Amino acid sequence: MYDILISEAIEGAAVDALRERFRVRYLPDAWKNPQLLAETIGDCRALLVRNQTPVTAELMDAAPALQVIGRAGVGLDNVDVEYARKNGIVVCSTPDQNAISAAELALGLMLALVRFIPAANHDTKEGNWNRRAFVGAELYGKTLGIVGAGKIGYLTARRARAFGMSVLACDPFLSQDNVLLADIQAELVSLEELFERADIVSCHLPATSQTSGLLSAAYFDRMKPTAYLVNTSRGQVVCEPDLIAALKAGRLAGAALDVRAVEPPQKGELESMPNVILTPHIGAWTHEAQNRVTVAICNDITRVLLGEPALNAVHQAVPQRTTTHQTV
Ligand code: MLT
C-alpha cells in the first residue's frame, strides 16, 4: 500500500522528505505505460508527475483514494484538470518556479540564432577558423515580439530590454495599461502586426484547444526574411509543416525550437536544416529551477495529504475523498 505514486523522474531532498513521511512508490518510467500506471496507482492518495504522464479520467477512476495531483512544472496539458476538479481532486503545479530558467533559455537561443553559435562551435571543432563565415547580427536595436506575455514572456522581454531590444507583445488576456507591459515598455499589438514587425518572435503560449497549431503559414508569411522564431513553450502551438515550408521558402531566416509537436520527435526535415537549432525541452532543466519546482510541489502534496490547502492549486477544490490509510 502506497500513499504517493511518482511516475516520472523526480528526485532530490524534497522527495526524500516525502519518503520519511509517506509511503512513496517511485516508478520513474511508469509514464510510458498507461496500463502500468492504472495498475499501480491503486490506493494512492497523491500522484506526482512532470509533463509526460497522461493523467486521464481513466487513470483518476483507477485511483478512488486520489486526493491530489502534483505537476512538477507549469504546463497542465497532460492533466485532465476539469475531470479532477469535478471529482474533488486538487491539482497543484509550480508556477514561477522555473520561469527564470525558461526565460534565460529563450535569450540563449536568440543569441545562438543571431550569432550562429552552434554552427561556429561545430566548425571550429572540425579544425577550422572561419571567422568570415559567421558574421551575425546584434540583438541591440532589434524588435522582439512576445507571443503570450505571461510570467515567462515577461521575464524574457525584461532580459531582452537589457540587450537594448524594443518589445511588442500579443496576449488576449492583457490590456495596454497592464503594469508588467509598462515595466518592459511593451507595445500591445495584434498577432499579425507582431509577426510583421518583429525581428525575433518568441513564443510563450500554453497548449490549449485555442493555441494548437496557431502559429501557422498565415503568420510565417508575414515575417521579415531576416526574422527568427524561438519557441520554448509548447510544440503544439507551432504548425511544424508550415514552419518547414516557410523556412524552405526563405520567409524567415531561422528558428530555434526547444519544444516539439510530438516529444520525443521522429527525425525529420527540421533536424537537417542548418538555420534551425533544436534542443530537447530543456527550458526548465537547470539545477536551480528543478530544485525550486521539486520543493514547491512536494510541499503542496504534503499540505493536501495533511488536510491543509495547497499553496499553488489550479483550482481550490476541497478534497471530497477520504481514506483510512495511515502515514508511516
Ligand atoms: C513546464 O511546463 O513546466 C516546462 O515545460 C517543463 C516541463 O514540462 O516539465
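**Where the domains meet**

Modeller: Happy to! Between domain 1 and domain 2, 2 residue pairs are in polar contact, both residues being at pLDDT 80 or more. Please keep in mind that this is a predicted model. The domain assignment gives domain 1 as 4–97 + 287–305 and domain 2 as 99–278. Their centres, taken over C-alpha atoms, lie 31 Å apart. To the contact, domain 1 brings 8 residues and domain 2 brings 8 residues. About 600 Å² is buried between domain 1 and domain 2, with carbon and sulfur atoms giving 37% of that area. The interface also holds 2 salt bridges.

Elsewhere in the chain, or along it, a salt bridge joins R234 and D77, whose closest N and O atoms are 3.1 Å apart. As for N78, you will find this residue in the loop between β4 (68–71) and α4 (81–86). N78 counts as buried because its relative accessibility is 12%, under the 20% cut-off. The side chain of N78 reaches the backbone oxygen of R50 at 2.9 Å. Leaving aside residues up to four places away in sequence, N78 touches V49, R50, N51, Q52, T53, P54, V55 and R71.

C298 is in no disulfide either, the nearest cysteine sulfur, that of C92, being 11 Å away. C203 is buried at 0% relative accessibility, and C298 is buried at 3%.

Conventions: Residues are numbered from 1 along each chain as its sequence is written. This is a predicted model: local features need pLDDT of at least 70, side-chain atom pairs count only at pLDDT 80 or more; totals for chains, interfaces and linings use all residues. Side-chain values use heavy atoms; hydrogens and water are left out. Helices (H or I, at least four residues) and strands (E, at least two) are DSSP runs, numbered from the N terminus. Buried means under 20% relative accessible area, exposed over 50%, partly exposed in between (1.4 Å probe, protein chains only). A polar contact is a pair of N or O atoms within 3.5 Å; within protein, one must be able to donate a hydrogen and the other to accept it, and residues adjacent in sequence count only if both atoms are side-chain atoms. Contact means heavy atoms within 4.5 Å. A disulfide is a pair of cysteine sulfur atoms within 2.5 Å. Domain bounds come from an automatic or database domain assignment. Buried area is the accessible area (1.4 Å probe) that two parts lose on being put together, summed over both. A salt bridge is a side-chain nitrogen of Lys or Arg within 4 Å of a carboxyl oxygen of Asp or Glu.
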